[in-house]
Amino acid sequence: MGLHEYGERDRLIETFSLNLVILVALLILVLTSDFAVQSQDGIGGSRILPDVLLAVFRTLAAGLSLFTVVSICLDPEGGPSIPLFYDSRKCEEAVLFGIHRLAAFTVWSFIAFGFYFALAGLVSWAHVLGWSVPSWLIAAIPPLFSIACGTALLVSVVVTYYLIPNNLEKGFDVAKYFLWYEIVMHNLNVILLGADLVLGGVDITLGMVAFPVLFGIAYVFFAYIYAVHGGGIYLYDFLDPRVSRAPYIHIGLFVMIAFFYSIALVLDALVDLNIIVGGIGVALCIYSIVRFREPVRTGFLDS
């Protein structure tokens, strides 16, 4: 049985009951945890670069996120997609326009990426100029970084190792995954976050795994509302809570988000231990999950 197969009875109730239980448990964890607040200098300064260059880098990354998101919404040609239609329960090719382009988890992740770089860039400029920023802003940046890292790694891996080969197998054109904005959102995302992890001073902790998982749960609920009351589609067929294995799939997705966040956590610890070894580790990790060239139909799965 594949991921997208329906049984005699829909699993909607079981799936969302499970999501609610996990949601409540994580909220309790966040509200009862005492996350250490970093210093403004630690977040705003760089381990290697002059602080002003880190501020410029973060500002450009935030600008790239904004430009990319606005561009895909304004693109008159729209974005080709292969969604699951809610009523027919079948995957068919479609073209999305305008704000419907924001329904993708890839875009959600890239917006979180942009928020992180915008706020971190603001703190960096304040550090350079000798200004102080509110404590809530300092406290918000590490959780945003955890969300950006965990979801970016997930996006890049899923696109490279699931969506592209899966759509190739189904006979769909995968050229859409290699349009400029797609390359930015599932390749440059991890490259820029990896660079910031090495160059910047934002610390993430094990307890912050709750934030990217909560982000994933929020998207799951959004995807259902969008499919039923919005666009009528699931952009990812495996997110349909009605399929036979939906509860297990959702648990698997949350575990994957936590796993990829853990990879970022290990890389961050490695950078703290030795910046050269950590930098090499970050580079190798990123190299293994990015793909800039469209694969030929035959031989991709063996490449």
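In this predicted model, helices α1 and α8 are roughly parallel to each other, because their axes cross at roughly 30° and angles under 35 degrees count as roughly parallel. Helix α1 spans residues 12-32 and helix α8 spans residues 246-273, and their axes come within 8 Å. The crossing in which α1 passes α8 is right-handed. On the α1 side the contact is made by E14, T15, L18, N19 and I22, while α8 contributes A246, P247, H250, I251 and F254. By class, the residues of this contact between α1 and α8 comprise 6 nonpolar, 3 polar and 1 charged.

The residues that form the contact are V190, I191, G194, L197 and V198 of α6, together with I275, G279, V282, I286 and I289 of α9. These residues of the contact of α6 with α9 divide into 8 nonpolar and 2 polar, with no charged residue.

Helix α5 (residues 135-169) also packs against α9, here at an angle of about 40° and with the axes 9 Å apart, and α5 and α9 are therefore oblique to each other. From α5 the contact draws on L153, S156, V157, T160 and Y161, and from α9 on C285, S288 and I289. The contact of α5 with α9 has 5 nonpolar and 3 polar residues, and no charged ones.

| Helix pair | Angle between axes | Axis distance |
|---|---|---|
| α1 and α8 | roughly 30° | within 8 Å |
| α5 and α9 | about 40° | 9 Å |

Strand β2 (residues 84-85) runs antiparallel to β5 and is joined to it by 2 bridges, and L84 stands opposite Y234 in β5.

As to confidence, the protein averages a pLDDT of 91, and 96% of the residues score at least 70. Over residues 298-303, however, the pLDDT is below 50, and this stretch has 8 contacts in the model beyond near neighbours in sequence.

How values were computed. Residues are numbered from 1 along each chain as its sequence is written. This is a predicted model: local features need pLDDT of at least 70, side-chain atom pairs count only at pLDDT 80 or more; totals for chains, interfaces and linings use all residues. Side-chain values use heavy atoms; hydrogens and water are left out. Axes are lines fitted to C-alpha atoms, for helices over the stretch in contact, and angles run from 0 to 180 degrees between N-to-C directions. Helices (H or I, at least four residues) and strands (E, at least two) are DSSP runs, numbered from the N terminus. Angles under 35 degrees count as roughly parallel, over 145 as roughly antiparallel, 65 to 115 as roughly perpendicular and the rest as oblique. A crossing is left-handed if the near helix is turned anticlockwise from the far one by less than a right angle, and right-handed if clockwise. Contact means heavy atoms within 4.5 Å. Ala, Val, Leu, Ile, Met, Phe, Trp, Tyr, Cys and Pro count as nonpolar, Asp, Glu, Lys and Arg as charged, and the others, Gly among them, as polar. pLDDT is the predictor's confidence in each residue, from 0 to 100. Two strands pair if DSSP finds at least two bridges between them.
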